[in-house]
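User: Please examine the model shown below and answer some questions on its charged side chains.

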Amino acid sequence: MRWFTRGERNNGRSRGTATESASGGLRCPNCGTLNPPGSRFCNQCGHKFTVTGTLAAPAQAKLHVDEDDEERRVVTILFADLANSTQLADAMEPEELRGLLADYFALMSEEIHRHGGVVEKFIGDAVMGVFGLPQIHEDDPVRAVRAGLDMQAALVAFNRKRLELDPQAPQLAMRIGINTGEVVAAVGPADGRDFLITGDPVNVAARLQGVAEPGTVVVGPRTFRDTQSTVLYEALPPAELKGKPRPVRIWRAIKMLDANPVPLARGRNLEQPRAPLIGRDVEMG
């Protein structure tokens, strides 16, 4: 076995990155051992690596994300967007608008975090929140809908305070779309990426936000199914969403069926009969 100096090991390569040789083998950056093609760990020292492919064929010569850094997750996505941002930009100075949006983003982020979600990104004047990543809750769809309703209530209070300070202050109006589904989620750092989740449910959530009326929260079929026992809904006409071959059924969330600000553990289908608990008379007593 040949020993490599530190300079030889790190020359042109970052730690954890294996370089493909002309023969197709993978050279370990830690110990220098030549490994079989497709190896994910060094056969000599066990070092984990990805491939740069500087000497490989063009089809293989690219940095790829280790599959261990991604996984499928069922999450609930919340999109919130200001409905009158163009009018605001016309009526306000840029510095004043920037300060207003900063307060708006802070307020919306606080509500998302309060219900156990994370803010994935800000897009213009829109906020994207995710429930179910990185921490999973049994009632993530319920948390997302509750957060959406509370975000609308918080915006009403925010507008009221601004009117008290300035009777001519422009009012903010927000649309919210919520959708639940299976996505690919990054669970670790990845080179060249600034996104957290990808998948059709993300696009549908954005489209639902676009068809919602200002001041309302609109949800998709799976979110409705998972929350219908805890949220009062109004059925809306099916919506034509871009990229969807058929109209999608949507619902408007009106209010939570319980007024407790803390999410309560409740069954998914409370209206259906429950099976009896057998052999636990003492415990139930």
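Analyst: Helices (H or I, at least four residues) and strands (E, at least two) are DSSP runs, numbered from the N terminus. This is a predicted model, in which local features need pLDDT of at least 70, side-chain atom pairs count only at pLDDT 80 or more, and totals for chains, interfaces and linings use all residues. Residues are numbered from 1 along each chain as its sequence is written, and side-chain values use heavy atoms, with hydrogens and water left out.

User: Where is E93 found, and is E93 buried or exposed?

Analyst: E93 lies in the loop between α2 (85-91) and α3 (94-114). Buried means under 20% relative accessible area, exposed over 50%, and partly exposed in between (1.4 Å probe, protein chains only). Because its relative accessibility is 53%, E93 counts as exposed.

User: Which residue meets R114 in a salt bridge at 3.0 Å, N to O?

Analyst: A salt bridge is a side-chain nitrogen of Lys or Arg within 4 Å of a carboxyl oxygen of Asp or Glu. At 3.0 Å, N to O, the side chain of R114 meets that of D150. This pair links distant parts of the chain, 36 residues apart, with R114 in helix α3 and D150 in helix α4 (residues 140-165).
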